Amino acid sequence: MATNPDAVIIGAGHNSLACACHLAARGWKVAVYEQAGEPGGAVKTGAYTLPGFRHDWAAMNLSMFAGSAFHTENAAELAKYGLAFAPTANPFASVFPDGRWLGISNDHALTTARVRGFSDADAQTWQQLTDDFPAQAESIFGVLGSAMNLRAVSSLGWKLWRKNGGGGTLDLAGFLMMSPRAWLDETFTSEHVKATLAAWGMHLDFAPDIAGGAVFPYLEAMAGQAFGMVLGQGGANTITNAMVRMIEARGGSVHCDANVTGIKEAAGRAFGIILADGTLVEAEKAVIANVSPAALAKLTGDTSDTKYDQKLRSFQHAPGTMMIHLAMDALPDWSAPELKRFAYVHMAPSMDQMARTYAQAKAGLLPDEPVIVCGQPTVVDPSRAPEGKHVLWLQVRMAPGQIKGDAKGENAATDWESAAEPFANRALGILERYAPGTRAKILGQHIVTPTMLEADNPNLVGGDQVCGSHHLHQHFMNRPARGYADGTTPIRNLYHTGAAVWPGGGTGAGPGTLLAKKLAGN
Ligand SMILES: Cc1cc2nc3c(=O)[nH]c(=O)nc-3n(C[C@H](O)[C@H](O)[C@H](O)COP(=O)(O)OP(=O)(O)OC[C@H]3O[C@@H](n4cnc5c(N)ncnc54)[C@H](O)[C@@H]3O)c2cc1C
C-alpha cells in the first residue's frame, strides 16, 4: 500500500523545488502540486514568439541561484541532472540620452577606467568600494542568508559585532536602512554613475527614495564586477528541470495541472491539501505552501493568530511588470556598439526619472517613460535562437496592476487587454531612441501584461514580480509577518515558503532552502 508523503508542497516554483530536493536528500518522501501545466513558476522557458527562438518567460538572470547555498551544496548532483550555466563577463550597462554609456564588466581595471570617464573622484571611490567588497560581502551575505528568528538574529548580531566592532555593525545597519539616492549621493558625484547603479533598485520596488534600497545597487554593482552574470544554458528552466529530475530520482513526485483549493487541518494541525477535483492528499509531517500571503489566508481561513491573519490579508504588493519577448533578425544597433556585449542594457536615464516612474505606477498610471531593461541572452548563449538571430527580453518597469490612467495622457484604456499594445509601443519607442532601427529587426513579438503574468502564476499579484513589496516594513523579521519570517505559521505542520517569505524574491532559493534545513534539522 502506498504511504502518504512526508511533505506535500503547493506550487512548483524554484523555492518549492529546492525545498523538496533538500528534504528528499534527507530521506523525506515529497510530493509537489502545481496548478500550471509545467513546473517552474517564474522560472521557465519556451518558444513564445517563433519556432527556434527560446525565451525566458520571467527570470533570466540566474546569478542569485548560481551563488546560492542550495546550489553550492548540490552543484554536482544538479549538473548530473542537466543543469548548465552560461556565464558572462559583461553583466550590465546603462545607456543615456546624451549617447554616453557605462558598463560594469568582470574586469576591474576596465570598469574603473569607464567610471573614470565620468569622474576621477568616482573612480577613486570605485576602487575603494572594490577593495572593501570581500569584507563587506561577507557581512551582507551573512545577513541575507541568515534565518530570521530571534535566536538566529541574536547569533548573527553577535558574530557581526565580533567581526566589525560596535561602530562597524551600526554602520552596516545604517547602510541597510538607506535609500538608493541617499547612498549614491553620499558616495558618487556623477549623475551617470548614480543612475547606472540606481537602476537595480527598480528590479524590485526600490525607487531611488525608498529606505532600505541602497543594498541592491551596491551588491549588483560590486558582485557584477566580481563575478559577472550567470544565465541558464538553453534557458533559465535548466535549473527547474534539473531540480525536478533530482526530486524524481529520490522517489519524490511533481504533479502539474493540479490546482490546490484548500488546506485541511484538525485541532490546529495541518494534515493535507485538497485539489480542484476534490482529491485529498495527506502529508505525514508537513504541508508547505508556496503561495502569496493573501492566497494562503484563503486556503486556511482564520487561524488562532488574528494579527497574523490580518497581515497576510493586507500584505502589500509592488507595482507590476510588463514583459516583451522579441525574436530578432539582429541585435539592436545601440548608440555605442560596445553595448551589444552586455547581458542587460538599462534605459533608466536619471534617478529623478526612476522616482517619477515609480510614483506614477503606484498611482495606477501607465508611466510616461518607464524604465526598460533590455536583456540580450543570445549574446551570452547563442543556442537560444537560430544561427545569426537573437532574442530580446524586455522588462518594462514599472506598470500598474490596475490601470487608472496614463501619465502621458495618450491612452484612455483602463484594462490591460486594450492598454497592452500602445504601452508596449511606448516601450519599443524608448528602445528605438537608444538603438535606431530596432523595430525593423523584429521578426516576432509576444507581449505579457501584468494581468497575464498573474493569470499564469497567481503568486505574481498584479504582475508584481517578487510576490510582495520588500520595503522595510515587509522585510527581514517582518516577511511575511513578524514572528513568521522562518516559514512557520500559527497552524502546526503548515509552513509558508516562496518569495513572500524572508529572504524574499529572486532566484536564490533562500526561503525554500532555509525552510528545508529547519524541517530536516540541517
Ligand atoms: C517577469 C519577471 C522577471 C524576473 N526576473 C528575474 C531575474 O532575472 N532574476 C532573478 O533572480 N529573479 C527574477 N525574478 C524574480 C524571481 O523569478 C521570483 O522571485 C522567483 O522565481 C519566485 O520563485 P518562488 O519559488 O518563490 O515562486 P514562483 O516562481 O512564483 O512559483 C510559485 C508557483 O506556485 C504555483 N501556485 C500558486 N498557487 C497555487 C495553488 N493554489 N495550487 C497549485 N499551484 C499554485 C504557481 O503557479 C507557481 O508555479 C523575475 C520575476 C518575474 C515575474
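Predicted model: local features only at pLDDT ≥ 70, side-chain atom pairs only at ≥ 80, totals over all residues.

Reply: Start with α6: a kink of about 110° is centred on Gly165. Residues are numbered from 1 along each chain as its sequence is written.

Helices here are DSSP runs of H or I with at least four residues, strands are runs of E with at least two, and both are numbered from the N terminus.

Now the domains. An automatic or database assignment sets the bounds. Domain 1 is made of four segments, 7-45, 59-85, 235-315 and 467-520. Domain 2 spans 105-226, and domain 3 spans 317-456. The C-alpha centres of domains 1 and 2 are 29 Å apart. Their contact takes 15 residues from domain 1 and eleven from domain 2; a contact means C-beta atoms, placed from the backbone, within 7 Å. On the side of domain 1 that touches domain 2, eight residues are nonpolar, six polar and one charged. Nonpolar means Ala, Val, Leu, Ile, Met, Phe, Trp, Tyr, Cys and Pro; charged means Asp, Glu, Lys and Arg; the others, Gly among them, are polar.

Next, the sheets. One is open and mixed, with seven strands in the order β7-β6-β15-β17-β18-β14-β20. Two strands pair if DSSP finds at least two bridges between them. β7 (101-104) and β20 (442-448) each have a single partner strand, so one side of each lacks a neighbour in the sheet. Neighbouring strands are turned by 20° against each other on average, direction ignored. Axes are lines fitted to C-alpha atoms, for helices over the stretch in contact; angles run from 0 to 180 degrees between N-to-C directions. Inside this sheet, β6 (92-95) and β15 (344-347) run parallel, joined by three bridges. Ser94 has His346 of β15 as its bridge partner. Helix α13 (351-362) lies across β17 (371-375) and β18 (390-399), at about 70° to β18.

A second open sheet has five strands, ordered β9-β2-β1-β13-β21, with parallel pairing. Its edges are β9 (253-255) and β21 (494-496), each pairing on one side only. Four bridges join the parallel strands β1 (7-10) and β13 (286-289). Ile10 stands opposite Ala289 in β13.

The loop between α16 (450-456) and β21 holds Pro480. The Arg479 to Pro480 peptide bond is cis, with omega about 5°. Phe476 sits in the loop between α16 and β21 too. Its phi is positive, near 50°, in a residue other than glycine. Past β21, the loop to α17 (510-520) contains Pro503. A cis peptide bond links Trp502 to Pro503, with omega near 0°.

Technical notes:
Contact = placed C-beta atoms within 7 Å. Bend = angle between axes of the 7 residues up to and from the residue.
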